[in-house]
Amino acid sequence: MSIRAKLALTTAAVMAVSIFLSGCGLFGKEKESLDPPKDVTYLKEGEALDASPDAETAAEEKEDVVMRDIYLIDKNGFVVAQSLPLPKTESVAKQALEYLVADGKVAEILPNGFRTVLPAGTEFDVDVDEGKATVDFSEEFTTYNPDDEKRILQAITWTLTQFDSVDKVELRVNGYPLTEMPANGTPINNEGLTRADGINTEFTNVADITNTRPVTVYYLTQVSEDFYYVPVTRRVSNTEKDDVAAVINQLVEGPGMLTALETGLVDDVKLMDEPKIEDHVVTLNFNEAILGNSESKTISDETLRSIVLSLTEQTGIESVKVMVNGSSDVMNEQGESLTEPVTRPEKVNTGRF
């Protein structure tokens, strides 16, 4: 089921207001947050703008904060990235995990409807060496809710592998390596946990799992008037030889009917040619069904972002070039030409859409 059909009026209203207020889009400059107005500081005649104490303080605060993807559990039970402002530190891997601990540092900035995955009081050390992050937890780690076991593995893995220095994760408790999780016995690969293990895995329409392989795609869900993107790992048949085409097919097919997720692609969307990958850029030639507005040759932000997020999860793909019927004359919702490849946004969900 397409989100365009179900939420068209809401999307149009939200986008219209967003564009008017921010003047930039999902793939242009990041939108300005709509903070409450602050007290105005009037400068004396001849006083330089950068001499304002408020300006200096704001600049210092901005320099001391960095946005990080923290993988939390939403109200529907999905593991989802939320980009949160964290203080700058050299221990980025350990800091990111600290914001997964219940009642810890994340408490004051935890988004509504989300919860953490690690039990309160959990302590740990993190060592990163040659692409592997080894996390040694205290005994409190083992007191988690058994229903969250797989979510815990996914949240830890995806939070840590956002960093270029981390490809895989090893878990320990009191110095002893975990080969399986303590509660339900979920096995842990001896080589380490990676994004290839999947996230929010869905087995819909899979008859023979042994003849399948995983691909991760990004669907959407809605909270109030905001949308955010949820990664879902699905199993596709090995008869589908092209991973890029398989990802597009999964986006078009959409999520299972009994979930709170939607897809940004309508049923009629098709690739006109085989995808081409060159210099880490994949070129896709769609039919006109990909367009949210065929007259203005506009592709919706939800559609574009879902495609880019999904395909850049594939090894070797860094950006996506979109064409329609062989033409590069395509625009995003802000009226910007998409003649150049679109790169993955730095953060998945910033809370501003």
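Q: How many salt bridges does a search of the whole structure find?
A: The search of this predicted model finds 12 salt bridges.

Q: What makes the contact of R195 with E313 a salt bridge?
A: The closest N and O atoms of R195 and E313 are 3.4 Å apart. The criterion asks for a side-chain nitrogen of Lys or Arg within 4 Å of a carboxyl oxygen of Asp or Glu, so the pair qualifies.

Q: Why is the pair of R195 and E313 said to tie together separate parts of the sequence?
A: R195 lies in the loop between β6 (176-177) and β7 (212-223), whereas E313 belongs to the loop between α6 (301-311) and β11 (319-324); the pair therefore ties together parts that are 118 residues apart in sequence.

Q: Why is R195 called partly exposed?
A: The relative accessible area of R195 is 21%. Buried requires under 20% and exposed over 50%, so R195 falls in between and is partly exposed.

Q: How do you know that R234 and E202 form a salt bridge?
A: Their side chains meet at 2.8 Å, N to O. The limit is 4 Å, and the pair is therefore counted as a salt bridge.

Q: Which parts of the chain does the pair of R234 and E202 link, and are these residues buried or exposed?
A: R234 is in strand β8 (residues 226-237) and E202 in the loop between β6 and β7, 32 residues apart. Both R234 and E202 are buried.

Q: What makes R213 and D243 a salt bridge, and where do the two residues lie?
A: The N to O distance between the side chains of R213 and D243 is 2.6 Å, and the cut-off is 4 Å, so the pair meets the criterion. R213 lies in strand β7 and D243 in helix α5 (residues 243-253); hence the pair ties together parts that are 30 residues apart in sequence.

Q: What links F124, F137, F141 and Y144 into a cluster?
A: Ring pairs link these four residues.

Conventions:
Residues are numbered from 1 along each chain as its sequence is written. This is a predicted model: local features need pLDDT of at least 70, side-chain atom pairs count only at pLDDT 80 or more; totals for chains, interfaces and linings use all residues. Side-chain values use heavy atoms; hydrogens and water are left out. Rings of Phe, Tyr and Trp (its six-membered ring) pair if their centres lie within 6.5 Å; planes under 30 degrees apart count as stacked, over 60 as edge-to-face and the rest as tilted. Helices (H or I, at least four residues) and strands (E, at least two) are DSSP runs, numbered from the N terminus. Buried means under 20% relative accessible area, exposed over 50%, partly exposed in between (1.4 Å probe, protein chains only).
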